[in-house]
Amino acid sequence: MKPLSPLFAIALGLAALAASAADTDQNAAAQRCEESVSSTLQRVRGKAVQDVQFIGAKRALTVDGDDIGVKGEGLYRRAGASVPFTYSCAVNLKTGATSGVVFKEAPEALAEQSKPWQPDLTNMSPEACEATVAALLKDKHPRVDGIAFLSDTRQLKPAGGALMSLEGQGTLKRAPGMNPNAFRYRCDLDPRNGKVVAARATD
């Protein structure tokens, strides 16, 4: 086989370098676009948006001069549920600026998100939460003389992931003879088994 001429070998090397640089530019543009989509999602949908992820296999790039168009699909979590979405934007290679950021959730996912939250109370026990909180307060105030939980202040809310939180208020005497002090508490519970995952109290 006839060896390559030095000039042809150099040309091949330069072409490979140019292709590698183009790939690097396109990957950087895709990352820049997805960062903009993520920040737009969180700004529009609020703090409830968590764990925004992009599906690399679904990403498609188009090149038009200095502009790279990026389209793809992703997922984010909201109130413990996964919400799929599509997105698109354009990135200017010279300035790094993004424009035309658009995202669209699947209609069925939006419908699911609009349903009022209904907690599963099958295994939920306020007493388990309050016993854990009482133990925390006793550790903090060894001479505590009475802890009372105000049942009418209990509130259930969705927490991160598949958890739910129980929040409420109560009173305690830090030591015999002292006046009662108010405190607030919160427990994160796993509704599948009623287990207290985390608890805290502030007084």
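Predicted model: local features only at pLDDT ≥ 70, side-chain atom pairs only at ≥ 80, totals over all residues.
The link of Cys129 and Cys187 is right-handed, with 85 degrees about the S-S bond. Because Cys129 belongs to helix H3 and Cys187 to strand S8, the pair ties together parts that are 58 residues apart in sequence. Cys129 is buried, at a relative accessible area of 0%, and Cys187 is likewise buried, with a value of 0%.

The structure holds two disulfides. Besides the link described above, Cys33 is joined to Cys89, with an S to S distance of 1.9 Å. This pair links distant parts of the chain, since Cys33 sits in helix H1 (residues 6–45) and Cys89 in strand S4, 56 residues apart. Cys33 is buried, with a relative accessible area of 0%, and Cys89 also counts as buried, at 6% relative accessibility.

When bonded cysteines are counted along the chain, the disulfides follow the pattern 1-2, 3-4. In general terms, a disulfide is a covalent bond between the sulfur atoms of two cysteines.

## Helix H3 and its cover

Helix H3 comprises 15 residues (residues 126–140). At 1.5 Å a residue, H3 should span 21 Å, and its end C-alpha atoms are 21 Å apart, which agrees. The buried residues in H3 are Pro126, Cys129, Glu130, Val133, Ala134 and Leu137. They cover an arc of only 135 degrees around the axis, and therefore lie on the same side of H3.

Which strands are included in the cover of the buried residues of H3? Strand S6 (147–158), strand S7 (164–172), strand S8 (181–190) and strand S9 (195–202) are among the elements that cover these residues.

## Aromatic pairs

The structure holds seven aromatic pairs. In one of them, the rings of Phe54 and Phe85 have their centres 6.0 Å apart and their planes at 90 degrees, so the pair is edge-to-face. Phe54 lies in strand S1 (residues 50–54) and Phe85 in strand S4 (residues 81–92), so this pair ties together parts that are 31 residues apart in sequence. Phe54 is partly exposed, with a relative accessible area of 23%, whereas Phe85 counts as buried at 3% relative accessibility.

Phe85 also pairs with Tyr87: the ring centres are 6.3 Å apart and the planes stand at 55 degrees, so this pair is tilted. Tyr87 counts as buried, at 4% relative accessibility. Ring pairs link Phe54, Tyr76, Phe85 and Tyr87 into a cluster.

## Nonpolar cores

The largest nonpolar core has 16 residues. Which of these residues touch the most other members? They are Cys33, Leu41, Val70, Tyr76, Phe85 and Tyr87. The elements that give two or more residues to this core are H1, strand S3 (67–78) and S4. Tyr76, Phe85 and Tyr87 also belong to the aromatic cluster, and Cys33 is the disulfide partner of Cys89.

Leaving aside its neighbours within four places in sequence, Leu41 is in contact with Gly46, Val49, Val52, Tyr76, Phe85, Phe103 and Glu105. A second, separate core has twelve residues, among them Met124, Cys129, Val133 and Leu189.

## Overall architecture

The protein chain contains three helices and nine strands. Read along the sequence, these elements follow the pattern α-β-β-β-β-β-α-α-β-β-β-β. Of the 203 residues of the protein chain, 26% count as buried. Among contacts between residues at least 6 apart in sequence, 49% join residues at least 24 apart.

Technical notes
Residues numbered from 1 in each chain as written. Heavy atoms only, no water. Phe/Tyr/Trp six-rings, centres within 6.5 Å; stacked < 30°, edge-to-face > 60°. Helix = DSSP H or I, 4+ residues; strand = E, 2+ residues; numbered from the N terminus. Buried < 20%, exposed > 50% of the residue type's maximum accessible area, 1.4 Å probe, protein only. Expected span 1.5 Å × (residues − 1). Arc of directions from axis to C-beta. Contact = heavy atoms within 4.5 Å. Disulfide = S-S within 2.5 Å. Core = buried A, V, L, I, M, F, W, Y, C linked by side-chain atoms within 4.5 Å.
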